[in-house]
Amino acid sequence: MRYLDTWNYPDPPAVTDGVLDLRGMKLNDRQTLELNGEWMFFPGVLLMEKKSTAATDTSAPSATPIRVPHVWDGSVFPHDAAFRYGSYRLTILPGDNRNQTLALRLSRAGNASEVFVNGEPAGSSGRPATDIIRHRGADLPYTVLIPPGGDIVDIVIHVSSDTNDAGIFKPVRFGTYEAVRHRETLLIGLQLIMCSLALFHGLYGIILYCLGARSRATLYYLALMILLGLAALLSDDKLLFRLIDTGYDLQQLMIYFVYIGMLVCLPLLCNGLFPSGRGERLTHMYAVVCLLIAVCVILSPPAVEPVIRLLARIVYFASFALTCYILIRNVRMDDGIPYLLIACIAVAVNMIWAVAGLDSPLMEFIWYPFDLMFAILAFSAFWFKRMFRERELTLLLADRLREEDRRKDEFLVNTSHELRNPLQGITNILQVVLDDRNDPVSRRQRERIEIARRVSRRMSAMLDDLIDITRLKERTVPLHLRPIHLQSVAAGLMDMVKIMLEGKPVRLEVDIDRNFPQVMADETRLAQILFNLLHNAVKYTDEGLIRVRADRVGQMAEIRVEDTGIGIAEEDLPHIFQPYEQSRHDAERSRGGFGLGLGICKQLVELHGGTIRAASRRDVGSVFVFTLPLAGEAGLATEDEAGAGANANDSVTPGADDAALPAPAPALIPPEPEPKTPVGIAGREVAAPRLLLVDDDAVNLRVLAQTLSLDGYAITGVTGAEQALESLRKDRYALVVTDVMMPKVSGYELTRQIRRRFNATELPVLLLTARTRAEDMVAGFQAGANDYVKKPADAWELRSRVRSLVGLKSAFEDRIRMESAWLQSQIKPHFLYNTLNSIAAMGYTDFDKMQTLLHEFSRYLRLSFDFRNAAPLVELEHELKLIRSYLHIELERFGDRIRVKWDVEGDIDVMVPPLSIQPLVENAIKHGLMRRNEGGTVTISIAKRGNQAEIAVSDDGVGMTGEQLERLLAESAQTGPGMSVGLRNIDRQLKQLFQDGLRVESAPDRGTVVRFRVPM
């Protein structure tokens, strides 16, 4: 296609014998003229180098008219000439155009040319010369200005070339400067538009690759767009070479490499778009051939350039043929292939146009970018078509995945339910094997069975998590929201978490202010959230600290679970709350599980209207932060309603009259009116058992009191652990019923404090808990509880368990009385026998002493069998009378071997447990002094110590070793009826009454001191 804006006058001027006559013609500012006429040519001569600047110079060689454009073939220069040069001369008669600025535009003249206008240099490309040494090639278009004012314009063009493309190979453009400039600007604009379009789509390729489309096709597309942009800058005006100063050889290499690269990328791109592998071998072979041609281009001399051109054209058409073959082979795989075929045809047309322009010296083919633009649009259409198809396919796959996910959840839930029973059976059987005393297993086997039991329990917990995550996804988890004391929940969980530490040096802390406001939450689900976070912290913390903190942020409570464990990698943090996701340290530490714990926490927190997040640093620790809404003033006002609502479905319900009661909130609820005292055997009255109820919810406390009062118990209710401990110091109770989750001090901690004074049979403890996980129950039993009842409690179950524990307490007290009687039966006969022998012996020797001894013996018996000894406390003087009678008898029996020292302060009037001092004196004499031949001294001292009286019995007998001292008061000590049993009974009785037992100090051969204190 020729340039449309050429000369279009009916009779355009022509160059004839080196003269262009424009007289009578007016040049147009928008049109140019192709100077294709016969120029004067001087082969092998550079006129300016001969100092001949005028056409009339007689020294100038003869000239032969040659038509321009024209190639220097064999008729001008020999075919074997390696270097050629010559000059062209043209005379222009401007006529009426003499006052205009005219211009010449040279597209291609050899590979070095220079223009002289009226003997003055006006422009050049490269440097023409008469020898190859000074010759410098540069194939760049340029424009020459012809100044106005002359009637004759003499133009000389020097041309030299070291290639076969010699002579003025393309037409010379002539016209006004405005016309030539307009045409040049238009061509440059087309090239820049094409370059921008190609680079813009190349930027798309980079974005696609960075966003994840990391395929070979994306890389080939990116390379093709970059090469298209370079090709636009290397065509016609060769804008790239205007910016980069290069020689002719390097220019040609760059042009060849760019076009060869485009032809290589085109089939590779089409092959990479289809993963079937069809045509891949041919494509790779074609790429190798192109690589070899590129090597030949680098190594071959200029003389073989025609061969290189021929090979390049063969590659051009081979590329199109191979691309079409690949597309046709895969036409059934993709409905977007027609777009690629159109793009391939458009590129082929552009290549044919470029080759035709190179081979045609008679016509000037400008670079035509519209077909390449159309090819790029066709590629874009293919990408969009594929994108929309992939989107539709993605939507279909998403629907299928959702359906499969639903089926997966159903399968997991059904499987979990089916596996729970046999798994629980396995756990129970393993526990039976461990507890079998008739056929015990070896230590090694016990360790293995214990591991198997832990694994089965862990699997059971995993099944529970699977069921929970499914219910959470289906939004079928009901929440019973009510104001909750965060401190009580956290404290109770810490007791349970201690079991999981397994000896690790980890410190547990709850840093929550006692006055921290209540949160509006489901108690069971809040405990589950905290437990999962604490369990996660325990798993990955080998030493250091695990702490729970809480702060108020606006109307929300921000709860933080901090640990000093191994931390979480930064890249894992965004995914840890997703179901079935586990961080890398799970694999590093070989942790099992499904990775559901944190996902369950997130969904439960969001159900409560809060948020959860995590921060962590490797080898420093992790912090999990979640928020819950505060109960607020409205929540506090309706706390009792919430408490009643939480128990609305319980079998334990208040009477109709209690429904209208105002919400009581005293620290101590007075005991219910004591029922009639039941009548026992022989008409003796039996005191009603006293129960101590502990619950921070006043409404729940009243419900419990009314339910249990039906069985005739005397009930005292308190709303906190401190009040409960104070009540235990003042009164004696048959049973303590306490809630687990209470503020400040949890039910677990209250049970531990009770166990410091009472063992499990002396004062049973029944726990009320809304949590029934194995870990909750184990924590309660390890704290010292006797039993537990799940909240909301069934009235029949609660009353039955209370009756059972009260009966246990009564049976224990009967056993203690029988044990005391048994001990007396073991001690008294021996003592009575010896005393009676002593009295009988004195009847023969000293009748007065016999009467005195008989009198003291009768008083000892009377004090020993006094009914006051069945009371909890007796007067100190009553106990001292018994001791004096006992010592008088022993002094008469053993004489000087026993020495007694009294150190009793006056004005001490206290109450002491019956038979608490006399057994100490008896033990000191029997087990301390009498084991030495010379006997010793026993000292009874009573002194004031502040608001207490200290009673001490000391001796200088044989004493005890450290090991004997450790076993003396130990509950597990296996001793016969003797000192240890008696002292343990006294110690237990003192702890029950005064929270402080016996203090024993002893050393071998230095004697023993036993002391205790009672309030004054």
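The axes are lines fitted to C-alpha atoms, for helices over the stretch in contact, and the angles run from 0 to 180 degrees between N-to-C directions.

I noted that this is a predicted model, in which local features need pLDDT of at least 70 and side-chain atom pairs count only at pLDDT 80 or more, while totals for chains, interfaces and linings use all residues. Residues are numbered from 1 along each chain as its sequence is written, and side-chain values use heavy atoms, with hydrogens and water left out.

**Entry 1: the chain as a whole**

I looked up the secondary structure and found 25 helices and 32 strands in the protein chain, where helices (H or I, at least four residues) and strands (E, at least two) are DSSP runs numbered from the N terminus. Of the 1016 residues in the protein chain, 48% are buried; buried means under 20% relative accessible area, exposed means over 50%, and partly exposed lies in between, with a 1.4 Å probe and protein chains only. I then turned to contacts, meaning heavy atoms within 4.5 Å, and noted that among those between residues at least 6 apart in sequence, 75% join residues at least 24 apart.

**Entry 2: helices α17 and α18**

I looked up how helix α17 (residues 721–730) packs with helix α18 (residues 747–755), and the angle is about 20 degrees with the axes 10 Å apart. The two helices, α17 and α18, are therefore roughly parallel to each other. The crossing in which α17 passes α18 is right-handed; a crossing is called right-handed if the near helix is turned clockwise from the far one by less than a right angle, and left-handed if anticlockwise. On the α17 side the contact is made by Ala 721, Ala 724, Leu 725 and Leu 728, and on the α18 side by Leu 750, Gln 753 and Ile 754.

**Entry 3: helices α1 and α2**

I next looked up helix α1 (residues 177–210) and helix α2 (residues 216–234), whose axes come within 8 Å and cross at roughly 160 degrees. That angle makes α1 roughly antiparallel to α2, and α1 passes α2 in a left-handed crossing. Among the residues making the contact are Leu 192, Cys 195, Leu 199, Gly 202 and Ile 206 of α1, and Leu 219, Leu 222, Met 225, Gly 229 and Leu 233 of α2. The contact of α1 with α2 has 16 nonpolar, six polar and no charged residues.

**Entry 4: salt bridges**

I searched the whole structure and found 35 salt bridges, each being a side-chain nitrogen of Lys or Arg within 4 Å of a carboxyl oxygen of Asp or Glu. Lys 602 and Glu 606 form one of these, with their closest N and O atoms 2.5 Å apart; both residues lie in helix α13 (residues 597–607), four residues apart, about one turn of the helix. Lys 602 is partly exposed at 28% relative accessibility, and Glu 606 is partly exposed at 38%.

I also noted a salt bridge between Arg 932 and Glu 934 at 2.8 Å, N to O. Arg 932 counts as partly exposed at 25% relative accessibility, and Glu 934 is partly exposed at 48%. A network of salt bridges links Arg 507, Glu 509, Arg 547, Arg 549, Glu 558, Arg 560, Glu 562 and Arg 613.

**Entry 5: backbone geometry**

I checked the backbone with a general rule in mind: most residues other than glycine have a negative phi, and most peptide bonds are trans. The peptide bond from Val 68 to Pro 69 is cis, with omega near 0 degrees, and Pro 69 lies in the loop between β5 (64–67) and β6 (84–93).

Asn 118 has a positive phi, near 55 degrees, and is found in the loop between β8 (112–117) and β9 (120–125); at 43% relative accessibility, Asn 118 counts as partly exposed. Asp 1005 has a positive phi of about 65 degrees and is found in the loop between β31 (999–1003) and β32 (1007–1015).

Definitions and conventions:
Angles under 35 degrees count as roughly parallel, over 145 as roughly antiparallel, 65 to 115 as roughly perpendicular and the rest as oblique. Ala, Val, Leu, Ile, Met, Phe, Trp, Tyr, Cys and Pro count as nonpolar, Asp, Glu, Lys and Arg as charged, and the others, Gly among them, as polar.
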